[in-house]
Amino acid sequence: MSDPYASRTPVHEQAFEGFGTVRVLPLDAEADAAVIHRWVSEDRAVFWGMNGLTEQQVAEIYAHMATLDTHHAHLVVRDGEPVALLQTYEPEADRVSECYEVRPGDIGVHLLLAPAGPGGGQPGWTARLVAVVAGYVLLGLGRRRVVVDPDVRNEKAVDRFLKLGFAPGPVVVLPEIDLPDVYLPEKKAQLAFLDREILFPG
């Protein structure tokens with residue numbers, strides 16, 4: 001089977017024996033809209049905040065994000081198969097900065113995993129993907145700490161981050177944002193942090 005993403009240049013690439021090659025590609029708002037729309041429309045993605053949007057609306061949101069210097073979207077692909085949507089952002093340019101003291105070297109991350117395939121979830125699957133993402137943001141981008149802010153009701157995501165080595169921070173309320181280009185409702189979030197030294201000592 002040919003890789004439909006082979007012609008796209010990754011910002012990060014990592015191979016795992018017995019797992020495959022994982023590549024982090026800059027999101028193409030138009031080309032990737034159908035895949036992303038399918039994921040964000042599922043019930044399990046309700047906390048992503050895009051349930052009920054059309055494919056065109058999803059494309060427009062990511063086309064707008066592509067114009068920003070502070071927020072970036074990526075498609076994570078394993079051996080030619082899309083497996084996750086990764087968004088990175090500068091915390092000081094995000095509403096999360098109103099809820100904690102941003103340190104130099106912090107980077108914010110949102111991660112939406114693709115639905116499990118016909119065979120169901122594979123043991124270690126999420127840990128490997130997070131290792132790739134962490135390698136990209138902490139080593140590739142030279143950051144010191146990852147910040148995540150899952151909805152407190154999303155217990156699965158919160159538990160997953162804590163199992164992967166994130167340290168829990170405070171529960172905070174992210175303020176509503178109502179701008180011409182973006183609307184985000186108020187969100188009660190569990191902050192969690194991962195220092196570079198935890199994964200990459202030395």
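A residue counts as buried when its relative accessible area is under 20%, as exposed when that area is over 50%, and as partly exposed in between. Take Glu 13: its relative accessible area is 47%, so Glu 13 is partly exposed. Keep that scale in mind as you look around this structure, which is a predicted model. What you'll meet here is an open sheet of eight strands, nine salt bridges and a nonpolar patch on the surface.

**The sheet**

- Let's start with the big picture: the eight strands of the open sheet follow the order S1-S2-S3-S4-S5-S6-S10-S7, and their pairing is mixed.
- Strand S1 (12-16) and strand S7 (167-174) sit at the edges with a single partner strand each, so one side of each has no neighbour in the sheet.
- Going from one strand to the next, the twist averages 25°.
- As a bit of background, strands of a sheet pair through backbone hydrogen bonds, and they can do so parallel or antiparallel.

- S1 and S2 run antiparallel, and five bridges join them.
- If you look across this pair, you'll find His 12 opposite Val 24 in S2.
- S1 and S2 make a hairpin with three residues between them. In the turn, Gly 18 has a positive phi of about 80°.
- Strand S2 (residues 20-26) also pairs with strand S3 (residues 71-78): the two run antiparallel, joined by five bridges.
- Here, Val 22 faces Arg 78 in S3.
- Helix H2 (residues 55-65) lies across S3 and strand S4 (81-89), and its direction makes an angle of about 115° with S3.

**Salt bridges**

- Side chains of opposite charge can pair when their charged atoms come close. The structure holds nine salt bridges, and three of them are picked out below.
- Arg 23 and Glu 13 form a salt bridge, with their closest N and O atoms 3.7 Å apart. Arg 23 belongs to strand S2 and Glu 13 to strand S1, so this pair ties together parts that are 10 residues apart in sequence.
- Are these two partners buried or exposed? Arg 23 has a relative accessibility of 11%, so Arg 23 counts as buried, while Glu 13 is partly exposed at 47%.
- Arg 144 and Glu 197 meet through their side chains in a salt bridge of 2.5 Å, N to O. Arg 144 is in the loop between helix H3 (125-140) and strand S6 (145-148), and Glu 197 is in helix H5 (residues 196-199), so the pair ties together parts 53 residues apart in sequence.
- Arg 144 is partly exposed, with a relative accessible area of 40%, and Glu 197 is partly exposed with a value of 40%.
- Lys 187 and Asp 149 form a salt bridge at 3.6 Å, N to O. This one links distant parts of the chain, 38 residues apart: Lys 187 is in strand S10 (residues 187-195), and Asp 149 is in the loop between S6 and helix H4 (155-163).
- Lys 187 and Asp 149 are both buried.

**A nonpolar patch on the surface**

- Which residues form the nonpolar patch on the surface? They are Leu 179, Val 182 and Leu 184, with about 220 Å² of accessible area together.
- Leu 184 is found in strand S9 (residues 183-184).
- With a relative accessible area of 31%, Leu 184 is partly exposed.

Terms used:
Residues numbered from 1 in each chain as written. Predicted model: local features only at pLDDT ≥ 70, side-chain atom pairs only at ≥ 80, totals over all residues. Heavy atoms only, no water. Pairing = 2+ DSSP bridges. Helix = DSSP H or I, 4+ residues; strand = E, 2+ residues; numbered from the N terminus. Axes fitted to C-alpha atoms, helices over the stretch in contact; angles between N-to-C directions. Contact = heavy atoms within 4.5 Å. Patch = residues over 30% accessible without salt bridge, like charges linked within 9 Å, V, L, I, M, F, W, Y side chains within 5 Å. Areas by Shrake-Rupley, 256 points an atom, 1.4 Å probe, with all protein chains shown as cover. Salt bridge = Lys/Arg side-chain N within 4 Å of Asp/Glu carboxyl O. Buried < 20%, exposed > 50% of the residue type's maximum accessible area, 1.4 Å probe, protein only.
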